[in-house]
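Dear colleague,

Please find below the structure that I am handing over to you.

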Amino acid sequence: MATRKAGSRLETEIERCRSESQWERIPELARQLSAKLIAHDDMAELLLGEAKLEQYLKVHPLRQGASPRGPRPQLTEVRKHLTAALDRGNLKSEFLQESSLVLAKLHYVEGDYDGALSLYARAGLEDWPLAGAPPYRLRMAAEAYATQGLCLEKLPISSSTSSLRGDREQDIITCYEKAGDIALLYLQEIERVILSNIQNRSPKPGPAPHDQELGFFLETGLQRAHVLYFKNGSLTRGVGRFRELLRAVETRTTQNLRMTIARQLAEILLRGMCEQSYWNPLEDPPCQSPLDDPLRKGANTKTYTLTRKARVYSGENIFCPQENTEEALLLLLISESMANRDAVLSRIPEHKSDRLISLQSASVVYDLLTIALGRRGQYEMLSECLERAMKFAFEEFHLWYQFALSLMAAGKSARAVKVLKECIRLKPDDAAIPLLAAKLCVGSLHWLEEAEKFAKTVVDAGEKTSEFKAKGYLALGLTYSLQATDASLRGVQEVLQRKALLAFQRAHSLSPTDHQAAFYLALQLAISRQIPEALGYVRQALQLQGDDANSLHLLALLLSAQKHYHDALNIIDMALSEYPENFILLFSKVKLESLSRGPDEALLTCKHMLQIWKSCYNLTNPSDSGRGSSLLDRTIADRRQLNTITLPDFSDPETVSDSSSSSSLPRTESPLHLFLSPHLPSHPKTETFVWPPAARSVSDPGPRQEPTLWKHGNSPEVYFHGFPSLFSVSSIHATSVAASRVEQALSEVASSLQSSAPKQGPLHPWMTLAQIWLHAAEVYIGIGKPAEAMACTQEAANLFPMSHNVLYMRGQVAELRGNVEEARRWYEEALSISPTHVKSMQRLALILHQLGRYSLAEKILRDAVQVNSTAHEVWNGLGEVLQAQGNDAAATECFLTALELEASSPAVPFTVIPRAL
């Protein structure tokens, strides 16, 4: 009885070592088995032959596509052991089958494919029972099917008949599919056995669990079938095979394989499948699919069944993707999680190869994530994913650069600049990187000193980046031009304008065929009031790029500076025929129509802008009804001209209350779905919203094309003639609140939200709407209708009550009504928010002049001249104040300067045209 138990324990240990591939222990166990009974000699021969073959393959691993090796001296003993076990015939039938399978495997290793196939045919592989089989027999069966498929692939087909060729291909794929299915079953079973042994092991020390390796044959069985499907043009069956492998319950051994398969399937879904040809994983594949080669017909389902299958994930409430991008993104997020979990971060030399493999695998996943998320405009999510990749990114330029681009697309410009600095350090010879950084600094961030540094980096790079030098000078010129606009001293402005002009001339000389260089040179000349020279260069820009909106806009403004208003308006109309939703052009059209065609045409254009705004952003107020309906919708719905519509009188407190509460646009909540991102803008809360200085550019990142008001990421001040950089907590209606306290409160709120507020987002449409109402109000003021002007101003105030433009317009209405003191208070409040708002300074000085406070009026006007030395209204006002003080000589100089500037003054300031790379 004791001998039988000892033999049973020995056989169990042999079975465990064979299942766990512990081949180094097999010779000692075979010797012990032979010592028990002579009848076990044949079994020992089988064990020794198998162990020596596996040890040989571990030292000399096979490679996919390797040529036949031929007989090897090291395998002579293997053949002797296996031949002896088979020739004696003393083994049980199942062990004879095992000997045949091992010998067939040896034939394949030596390149004898016919011999291997004949042995498989005699072994009766199809009749092997899988139910109740120990794990090592499952491994042998999986390897046998894989080897059989490899042999069939190596052997040529005796006939060229297409039907025979198709049958051979199907037989090969079936072998690989069976090998893969049984391999998954084996890996699940061996992991279950190992975990069970660990749990049942006594507390005393024992051998550590053995890490399983797939090996050449099992890996081929798992990965070869879908490759052949794709090679043969059967994309449907290939995708189905991928899904079968991924639905199987995961084991430790298949983790890396699962990540590879998930990544490959995601790539197929992104590049080879559209939404119309997609079917979800729980549906049967279509019988006919446009994905498949029409010349190759065959069923899209399996042609075999196994008596025992691998376990698959199942249960209730399991998520199932419904479209190809959704499934691809799910697969890539799983792959990313696995790549981060298994990342090799050690920098020691011994781990260099593993670290490079880990980095390459993760980089492929992140590249595919970029494609998948970029298609849906989900740049915020993409930047978060790439931020997790920074653990791999030490000295890796590609990941840093991808991260920077994703931050740019997500509107995180400040972080993007910091990441681009690291990219410049990693790749200092690439001039495109500092140009990108300069683009962000010039545009949305308005970090002009940083932009100057980046531009000089490109300009001073030497001959290595000669093709980018023109762009470098262009960036440098834009930086100087914007610095000149921001400068508060006239002398500083003139110096910076000269620098900008020289930089633009240098850019134009280096790249005479670049329309942007000619355009910005013309724009800078126009700002410097060199109108004839500017006309020449803008015509060059239009010859190079005839449909450029900014060049057409500049040409119109130059014509208006020469007082050719009708010609300028024709140019604007021509530009609008190409860009009908460009609000900058429409705002200029309102001004030109007021000067040339009268207020009726200008108000109709304002109404047209409201219609465009509503159609572009698709924002409606469901609560609009009766007297409390929105002025926007009532204006659009009314077929009369805008100047004949009776608007509510805001001097009536009841009317003001009703209109204020109901005419403001609704706060439209639009949740950001993972795969659908319309990004509908929402009404900003006027009580809490702040527009940070570092976030001056807003645009919709969704896939829908937006109007071009914010194109090139310019600051809102460019488009709104000083539209507020900050919007306060509440409106100020009393001059007792000191301007310093207002500015302090605004700064505190701005600094608290500056880090979290997005640089691009839903504020843009509402700023556009506010500016439309302010233009309409200005037209009403021009024709002497204070009630209608106040109604339009109130609509803008409902959106942004602390805009200095809104406060300035309130002062204009008060002046029109004859309320001088009220107008003065509004202008002072506007200047407390924007101390350099020239229009408010000019109007406030005019009121002070009327009140006899000449010294203060002179001080304000001289400050205004320092801010904008080309404002002819300011020079004229300064002349009147000096004349009233008896300084006739200085007043004469001011009047002459005003006349000279007015002769070249455009209908709209040249600075409304965007300046960006």
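For the helix packing described here, axes are lines fitted to C-alpha atoms over the stretch in contact, and angles run from 0 to 180 degrees between N-to-C directions. Please note that the model is predicted.

Helix α5 (residues 93-109) packs against helix α7 (residues 135-154) at an angle of about 40°, and their axes lie 10 Å apart. Because of this angle, α5 is oblique to α7. The crossing of the two helices, α5 and α7, is left-handed. On the α5 side, the contact is made by E94, F95, Q97, E98, L101, V102, K105 and Y108. The residues that α7 brings to this contact are Y136, R137, M140, E143, A144, T147, L150, C151 and K154.

I turn now to the cavities. Searching the whole structure gives five cavities of 30 Å³ or more, and the largest cavity holds about 110 Å³ of space. Its lining consists of E50, L53, E54, L101, V102, K105, Y120, R139, M140, E143, A144 and T147. Two or more residues of that lining are given by each of α3 (41-59), α5 and α7. Which element supplies the largest share of the lining of the largest cavity? That element is α7, with five residues. The lining of the largest cavity divides into six nonpolar residues, one polar and five charged.

Residues including L101, V102 and K105 of α5 take part in the contact with α7, and L101, V102 and K105 also line the largest cavity.

Yours sincerely

Key. Residues numbered from 1 in each chain as written. Predicted model: local features only at pLDDT ≥ 70, side-chain atom pairs only at ≥ 80, totals over all residues. Heavy atoms only, no water. Helix = DSSP H or I, 4+ residues; strand = E, 2+ residues; numbered from the N terminus. Parallel < 35°, antiparallel > 145°, perpendicular 65-115°, else oblique. Left-handed = near helix turned anticlockwise from the far one by under 90°. Contact = heavy atoms within 4.5 Å. 1 Å grid on protein atoms, 1.4 Å probe; cavity = no way out; pocket = protein on both sides within 12 Å on 5 of 7 lines; lining within 4 Å. Points joined across faces, edges and corners; volume = space filled by probe spheres on them. Nonpolar A, V, L, I, M, F, W, Y, C, P; charged D, E, K, R; others polar.
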